[in-house]
Amino acid sequence: MELLDDGEPAPEPSVVASAVLWAIGAVCVAAFLYGIFQMIRQILRDFRNSRDENGDLIEELEDDQNLKQREEVFHRKRRGAESEAERIRRRYRRMIRKHRKERPAPYESPLEIEEYAGLKNDEEMQLLHMQYEEVRYGK
């Protein structure tokens, strides 16, 4: 090597050349990582649109909005077919839940439930209580 260079040491690269080479290296690494990311993304897309090992087509589940609409239709249909007793029970539960935060204990009577909910002296609740007891106990 000394004979080819006439015995002189190799020159140091300039700061600008060193910075340019580092920038080119960083861009290459970023492009490589981006390419790997795109390749994985494409593999997942192909998997989603392909068939599984049994030959079945892979389909997406319904979106949440469509599912909620179906549930609402189901509940409306079900309520349309409910009896008067079921309507009274639902109104009673709704009234209690509206005024009481915790769930009633299984051993509480309707009168105790109403008392803990603060509805003992409410006229609407007294009428609903009479209807509820008639439905529940047949009195």
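This is a predicted model: local features need pLDDT of at least 70, side-chain atom pairs count only at pLDDT 80 or more; totals for chains, interfaces and linings use all residues.
Met-39 sits in helix 1, which runs over residues 15-48.

Now for how some of the helices pack. Two packed helices are described by the angle between their axes and by the distance between those axes. Take helix 3 (residues 84-99) and helix 5 to begin with: their axes come within 9 Å and cross at roughly 135°. That angle makes helix 3 oblique to helix 5, since only angles over 145 degrees count as roughly antiparallel. The crossing of this pair is left-handed. On the helix 3 side, the contact is made by Ala-85, Ile-88, Arg-89, Arg-91, Tyr-92, Met-95 and Ile-96. Helix 5 brings Glu-124, Met-125, Leu-128, Gln-131, Tyr-132, Val-135 and Arg-136 to that contact.

Helix 5 (residues 123-137) also packs with helix 4 (residues 110-117), at an angle of about 155° and with the axes 11 Å apart. This time the angle makes helix 4 roughly antiparallel to helix 5. Helix 4 passes helix 5 in a right-handed crossing. Here Pro-110, Leu-111 and Glu-114 of helix 4 meet Met-125, His-129, Tyr-132, Arg-136 and Tyr-137 of helix 5.

What does helix 5 use to touch helix 3, and what does it use to touch helix 4? Met-125, Tyr-132 and Arg-136 are among its residues in the contact with helix 3, and Met-125, Tyr-132 and Arg-136 turn up again in the contact with helix 4.

Methods
Residues are numbered from 1 along each chain as its sequence is written. Side-chain values use heavy atoms; hydrogens and water are left out. Helices (H or I, at least four residues) and strands (E, at least two) are DSSP runs, numbered from the N terminus. Axes are lines fitted to C-alpha atoms, for helices over the stretch in contact, and angles run from 0 to 180 degrees between N-to-C directions. Angles under 35 degrees count as roughly parallel, over 145 as roughly antiparallel, 65 to 115 as roughly perpendicular and the rest as oblique. A crossing is left-handed if the near helix is turned anticlockwise from the far one by less than a right angle, and right-handed if clockwise. Contact means heavy atoms within 4.5 Å.
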